[in-house]
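The following note was prepared for a reader who is new to structural description. Please keep the sequence and the model in view while reading the numbered points.

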Amino acid sequence: MILLTGATGRVGSAAAKALARASIPFRALVRDPEKVTFDPGAAEIVQGDLNDPAIVDQALQGVSRALIVMGNHPDQSKLERRFASLAADVGVSHLVKVSSMEAAPDATATLPKNHYDTEQHIASLGLDWTFLRPNYYMQNMLMYADSIARDNRFALPLGTAKTAMIDARDVGEVAAVVLTGEGHAGQAYRLTGPTMMDFHEVAARIGAVLERPVAYVAQSPGAFREVLGQFIKSAWQLDAVCELFAEIAAGSLEEQTSTTADLLGRPAMDLETFTKQFAGAFAPAN
Ligand SMILES: NC(=O)c1ccc[n+]([C@@H]2O[C@H](COP(=O)([O-])OP(=O)(O)OC[C@H]3O[C@@H](n4cnc5c(N)ncnc54)[C@H](OP(=O)(O)O)[C@@H]3O)[C@@H](O)[C@H]2O)c1
């Protein structure tokens with residue numbers, strides 16, 4: 001049996017849909033079954049929180065392979081490590097973890113450092129593991145959809161730094177490939193989209209699809225923090241995101257690989273197709 005966590009999120013739901021399409025049975029640990037967007041008939045749903053070891057232990061019974069992914073949270077590292085330890089205890093043979101491209105021994109920013117430390121913990125447990133280390137998610141652009149819809153512009157504190165942004169759904173599909181295939185143990189896959197570009201080019205490409213000019217405004221870190229603070233109420237998360245964006249501005253995501261396409265056997269999702277699929281979100285209100 002395969003167990004998915006984060007199955008109501010961007011990566012986990014794509015993994016679930018890929019497994020469901022392939023008629024591969026799986027179990028999903030979800031906090032709120034109402035949020036499931038995959039065919040619920042395709043899976044065993046266990047309702048619960050990663051914070052509850054008894055539920056996690058129950059969800060892990062009879063599982064041979066598992067995906068651990070959750071949103072960034074002060075307890076993320078603790079909960080992911082505990083999940084991994086419980087998985088090893090019940091005999092899970094292969095654990096797949098969604099990490100980040102900046103996860104490295106010398107990582108200092110909180111989020112990539114936590115990912116790297118969790119990877120190290122998993123690697124110490126004696127089970128097979130695969131780490132998925134994605135670049136920037138295209139879905140992050142949806143946070144600016146209202147701004148693009150209203151003002152045809154978006155602001156970020158990233159200067160002319162480049163990313164090779166990836167559709168989070170591709171990360172989920174890679175997870176499904178790894179969970180169901182062989183030869184992935186001990187791999188840390190660096191996952192990117194098909195194009196490395198700065199945000200002026202991101203804006204131009206989105207604008208070309210929307211058939212109206214879209215502009216990227218390079219914002220100061222202070223202005224970014226002020227705007228973000230209106231949406232993110234957790235001081236921990238605000239600090240963590242600002243710290244991460246400072247690293248991205250310094251070029252931490254300027255890397256492109258063919259790994260996503262190699263593993264999926266098709267090109268990675270490009271920004272143009274992504275924008276077409278989410279065109280409604282970028283459309284001006286009538
Ligand atoms: N954004 C980026 O550009 C980027 C790039 C590289 C790596 N990453 C990494 O990607 C990961 C996030 O993946 P994502 O975008 O798929 O996340 P997401 O869309 O925010 O979904 C998070 C999932 O985790 C679940 N979850 C959160 N806390 C939980 C808990 N205590 N117990 C059980 N489930 C819990 C959520 O459930 P609910 O639906 O109930 O909330 C949801 O299913 C993070 O580790 C992040 O560092 C992000």
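1. Two strands pair if DSSP finds at least two bridges between them. Helices (H or I, at least four residues) and strands (E, at least two) are DSSP runs, numbered from the N terminus. Strand β5 (residues 94-98) and strand β6 (residues 128-134) run parallel and are joined by 5 bridges. His94 stands opposite Asp128 of β6, and Thr130 in β6 is the bridge partner of Val96.

2. The model is a predicted one: local features need pLDDT of at least 70, side-chain atom pairs count only at pLDDT 80 or more, and totals for chains, interfaces and linings use all residues. Residues are numbered from 1 along each chain as its sequence is written.

3. Strands of a sheet pair through backbone hydrogen bonds, either parallel or antiparallel. Here, 7 strands form an open sheet with parallel pairing, in the order β3-β2-β1-β4-β5-β6-β9. Its edge strands, β3 (43-47) and β9 (187-191), each pair on one side only. From one strand to the next, the twist averages 15°.

4. How many residues of β6 are buried? A residue is buried if 20 or more other C-beta atoms lie within 10 Å of its own, exposed if 12 or fewer, and partly exposed in between, with C-beta atoms placed from the backbone. In β6, 6 of the 7 residues are buried, and the strand is thus described as mostly covered.

5. Angles run from 0 to 180 degrees between N-to-C directions, and axes are lines fitted to C-alpha atoms, for helices over the stretch in contact. Two residues are in contact if their C-beta atoms, placed from the backbone, lie within 7 Å. Helix α1 lies across β1, β2, β3, β4 and β5, at about 150° to β1. Helix α6 (residues 168-180) lies across β1, β4, β5, β6 and β9, at about 165° to β6.

6. The axes of helix α8 (residues 221-229) and helix α9 (residues 235-249) come within 11 Å and cross at roughly 145°. The contact involves Pro221, Phe224, Arg225, Leu228 and Gly229 of α8, and Leu238, Val241, Cys242, Phe245 and Ala246 of α9.

7. The ligand is surrounded by 28 residues, the closest being Thr8, Gly9, Val11, Leu50 and Gly71; a residue is near a molecule if its C-beta atom, placed from the backbone, lies within 6 Å of it. Helix α1 (residues 10-21) supplies the largest share of this shell, 3 residues.
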